[in-house]
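This report looks at the pockets of one protein model. The sequence and structure come first.

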Amino acid sequence: MAAAPPAFTGNLKKALAGLRRINLDGLRWRVFDAKGQVLGRLASQIAVVLQGKDKPTYTPHVENGDMCIVLNAKDISVTGRKMTDKIYYWHTGYIGHLKERRLKDQMEKDPTEVIRKAVLRMLPRNRLRDDRDRKLRIFSGNEHPFHNRPLEPFVMPPRQVREMRPRARRALIRAQKKEQANRAKEEEDAKNAKAEVTA
């Protein structure tokens, strides 16, 4: 007998908002685990699935993307110093009221909004954008209220690390050889000093 899924303790009204406006017939429910994933790489994959670009029936003016459920948004990772250097700006509408918030502060306040902004800014600005936004459900933990749906875990493609450029590779090899030579010289000096002491 399978164990019962954990009960959803979050805001159920917010999690289910707008589902009635989506035609769920024939849609796949894709589950993305954001734990340890790089923000931009994950967002680009979600944007592809939301637009339906991974299907042979993709048509730019027709909304045929799948439902996307993103879990563990609080465990997303970013490269470089973006956690402190990336800043989100917005304006209240009053004169001089340009507000800003760093990525680190936004992660503490609401980590789901970080992924939502990253995905929505990768989607084309057209009439289909609101429908695609409704198909995106993001949760900060691993609990969600869609256990009664036919869920399919999404497997992220392997990360392709670009091969080092020839000039950089030669510089790295020179540095390694220099370090080995220095180490060998230090060992030889240590041996000579030890031999002088014993003599």
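What volume does the largest pocket have? The volume is about 460 Å³. The model is predicted: local features need pLDDT of at least 70, side-chain atom pairs count only at pLDDT 80 or more, and totals for chains, interfaces and linings use all residues. Residues are numbered from 1 along each chain as its sequence is written, and side-chain values use heavy atoms, without hydrogens and water.

A pocket is an open set of points on a 1 Å grid over the protein atoms alone, where a 1.4 Å probe fits, with protein on both sides within 12 Å along at least five of seven lines; its lining residues have an atom within 4 Å of a point. Points are joined across faces, edges and corners, and the volume is the space filled by probe spheres set on them.

| Pocket | Volume | Lining by class |
|---|---|---|
| Largest | about 460 Å³ | seven nonpolar, seven polar, eight charged |

The largest pocket has 22 lining residues, with K14, A15, T112, I138 and F139 nearest its centre. Two or more lining residues come from each of α1 (12-15), α5 (111-120), α6 (129-134) and β5 (136-138). Helices (H or I, at least four residues) and strands (E, at least two) are DSSP runs numbered from the N terminus. The most, four residues, come from α5.

The second largest pocket is lined by 13 residues, and L39, G40, K82, K86 and A118 are the closest to its centre. Here α2 (39-51) and α5 are the elements that give two or more residues, and α5 gives the most, with three.

Definitions and conventions
Ala, Val, Leu, Ile, Met, Phe, Trp, Tyr, Cys and Pro count as nonpolar, Asp, Glu, Lys and Arg as charged, and the others, Gly among them, as polar.
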